[in-house]
Amino acid sequence: YEPLLIRKKPSDYAKLLYFDSASYAAPVIELGIKTVGIEHMVFGSDAPPLVRMLPRMRELIESLALSRADKELLYNGNVARLLRLPVSA
C-alpha cells in the first residue's frame with residue numbers, strides 16, 4: 001500500500017463538497033461560505049428531530065450579510081442543482 005499523494009491544497013478538495021448551515025453561530029456559517037463559496041452551502045437546521053430550532057436557523061441565515069440571491073441559493077437553489085431537481089419559477 002502506497003499513500004495517495006494529493007496534488008492540490010486541501011481547501012481545493014473541500015470545494016468539491018457541499019456543507020450545510022446547521023450551526024448556532026453566524027461566524028461559523030460565514031466561515032463555511034468563505035471557505036467553499038455560497039455555491040457549496042445548503043440550508044441545514046438539525047431538524048428533525050429538533051424542529052424547534054428551525055425558526056432560529058432561518059433567523060440566523062436572515063441575519064447574514066448576504067444578498068437575497070445568495071440566500072435563495074443557500075435555502076434551495078444549491079440543493080436543487082445538486083439533486084438535479086426542476087427549478088420552479
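## Basis of the model

Helices (H or I, at least four residues) and strands (E, at least two) are DSSP runs, numbered from the N terminus. This is a predicted model, in which local features need pLDDT of at least 70, side-chain atom pairs count only at pLDDT 80 or more, and totals for chains, interfaces and linings use all residues. Residues are numbered from 1 along each chain as its sequence is written, and side-chain values use heavy atoms, with hydrogens and water left out.

## Nonpolar core

A nonpolar core is a set of buried Ala, Val, Leu, Ile, Met, Phe, Trp, Tyr and Cys residues joined through side-chain atoms within 4.5 Å. Buried means under 20% relative accessible area, exposed over 50%, and partly exposed in between (1.4 Å probe, protein chains only). The largest core has 14 residues, of which Ile-29, Ile-33, Met-41, Ile-61 and Leu-64 touch the most other members. Two or more residues each come from helix H2 (26-36), helix H3 (54-63) and helix H4 (68-82). H2 gives the largest share of this core, four residues.

Contact means heavy atoms within 4.5 Å. Leaving aside residues up to four places away in sequence, Ile-29 touches Ser-21, Ser-23, Met-41, Leu-60, Ile-61 and Leu-64.

The buried residues in H2 are Ala-26, Ile-29, Gly-32, Ile-33 and Val-36. Viewed down the axis of H2, they fall within an arc of 125 degrees, so they line one face of the helix. The arc is that of the directions from the helix axis to the C-beta atoms. An α-helix has 3.6 residues a turn, so residues three or four places apart point the same way.

Cover for the buried residues of H2 includes helix H1 (10-14), strand E1 (19-20), strand E2 (41-42) and H3. On the face turned away from the buried side, H2 carries the exposed residues Pro-27, Leu-31 and Lys-34.

## Salt bridges

A salt bridge is a side-chain nitrogen of Lys or Arg within 4 Å of a carboxyl oxygen of Asp or Glu. By this rule there are three salt bridges. Glu-62, Arg-68, Lys-71 and Glu-72 are linked in a network of them.

Glu-62 pairs with Arg-68, where the closest N and O atoms are 2.8 Å apart. Glu-62 also forms a salt bridge with Lys-71, with the closest N and O atoms 3.6 Å apart. Arg-68 meets Glu-72 in a salt bridge as well (3.5 Å, N to O). Both Glu-72 and Arg-68 lie in helix H4, four residues apart, about one turn of the helix. Lys-71 is buried, with a relative accessible area of 7%. The relative accessible area is 32% for Glu-62, which is partly exposed; Arg-68 is partly exposed at 45%, and Glu-72 is partly exposed at 35%.

## The segment after H4

Val-79, Leu-82, Leu-83 and Leu-85 make a nonpolar surface patch of about 330 Å². Patches are made of residues with over 30% relative accessible area and no salt bridge, with like charges joined within 9 Å and nonpolar side chains (Val, Leu, Ile, Met, Phe, Trp, Tyr) within 5 Å. Leu-83 is found in the segment after H4 and is exposed, with a relative accessible area of 53%.

Arg-84 also lies in the segment after H4 and counts as exposed at 76% relative accessibility. Arg-84 is not a glycine, yet has a positive phi of about 55 degrees. Most residues other than glycine have a negative phi.

Note on methods:
Areas by Shrake-Rupley, 256 points an atom, 1.4 Å probe, with all protein chains shown as cover.
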